[in-house]
Amino acid sequence: MLVKIAKVLPLVSRQYQTREGRTELFKSKGFILENGQSTIYAEALQQTADFLESLGLVEGNVGNAVFTFRSRSFTSKEGKEVYTTEVTLAAFMPI
């Protein structure tokens, strides 16, 4: 999908514990992207986040974005089941 970058968020890193007890580093980099009709918040994860950070992308850059989508459910404070969609930026090729 052809998109324009509306906002670039900083690369974020945090440590977490694996199920095997190892400490590892989780990285993400968020973007607000526009396609002329919609605005999308998408996160690049791990190596993709590092790679996009190295490109020095800025607001106004245009490129071809590849997304993956994942639905998640959780229970609200009121006890209702709520659904959300996570959007992951799998690739971005600047034009």
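Contact here means heavy atoms within 4.5 Å. With that in hand, welcome to a short tour of a predicted model.

View 1. Lys 29 belongs to strand 2, which covers residues 23-34. Setting aside neighbours within four places in sequence, Lys 29 is in contact with Val 8, Leu 9, Pro 10, Leu 11, Ala 42, Glu 43, Ala 44, Ala 49 and Glu 53. Is this lysine buried or exposed? Lys 29 is buried, because its relative accessible area is 5% and the buried class takes in values under 20%.

**View 2. The Lys 29 and Glu 53 pair.** Zooming in on one of those contacts, we find a salt bridge between Lys 29 and Glu 53, whose closest N and O atoms are 2.7 Å apart. Lys 29 sits in strand 2 and Glu 53 in helix 1, so this pair ties together parts that are 24 residues apart in sequence. The two partners fall into separate accessibility classes: Lys 29 is buried at 5%, whereas Glu 53 is partly exposed at 36% relative accessibility. The side chains of Lys 29 and Glu 53 are also joined by a polar contact of 2.7 Å.

**View 3. A charged network of Glu 20, Arg 22 and Glu 24.** Salt bridges with shared partners join Glu 20, Arg 22 and Glu 24 into one network. Glu 20 is exposed, with a relative accessible area of 59%. Arg 22 counts as partly exposed at 45%, and Glu 24 is partly exposed as well, at 30%. For the whole model, the count comes to five salt bridges.

**View 4. The largest nonpolar core.** In soluble globular proteins, nonpolar side chains tend to be buried together. The largest nonpolar core of this model has 15 residues, and those touching the most other members are Phe 31, Leu 33, Ala 42, Leu 52, Phe 67, Leu 89 and Phe 92. Which elements supply at least two residues each to this core? They are strand 1 (2-17), strand 2, strand 3 (39-45), helix 1 (46-55), strand 4 and strand 5.

**View 5. Phe 92 and the residues it touches.** Phe 92 is among the core members that touch the most others. Not counting residues up to four places away in sequence, Phe 92 touches Val 3, Ile 5, Leu 52, Leu 57, Val 62, Gly 63, Asn 64 and Ala 65.

**View 6. A nonpolar patch on the surface.** Val 62, one of the residues touched by Phe 92, also takes part in a surface feature: together with Leu 2 and Ile 95, Val 62 forms a nonpolar patch with about 310 Å² of accessible area. Val 62 lies in strand 4, residues 62-75. With a relative accessible area of 34%, Val 62 is partly exposed.

**View 7. Gly 79 in a loop.** Where is Gly 79 placed? Gly 79 is in the loop between strand 4 and strand 5, the latter spanning 81-94. Gly 79 counts as exposed, at 54% relative accessibility.

Note on methods
Residues numbered from 1 in each chain as written. Predicted model: local features only at pLDDT ≥ 70, side-chain atom pairs only at ≥ 80, totals over all residues. Heavy atoms only, no water. Patch = residues over 30% accessible without salt bridge, like charges linked within 9 Å, V, L, I, M, F, W, Y side chains within 5 Å. Areas by Shrake-Rupley, 256 points an atom, 1.4 Å probe, with all protein chains shown as cover. Salt bridge = Lys/Arg side-chain N within 4 Å of Asp/Glu carboxyl O. Helix = DSSP H or I, 4+ residues; strand = E, 2+ residues; numbered from the N terminus. Buried < 20%, exposed > 50% of the residue type's maximum accessible area, 1.4 Å probe, protein only. Polar contact = N/O pair within 3.5 Å; in protein donor to acceptor, adjacent residues only side chain to side chain. Core = buried A, V, L, I, M, F, W, Y, C linked by side-chain atoms within 4.5 Å.
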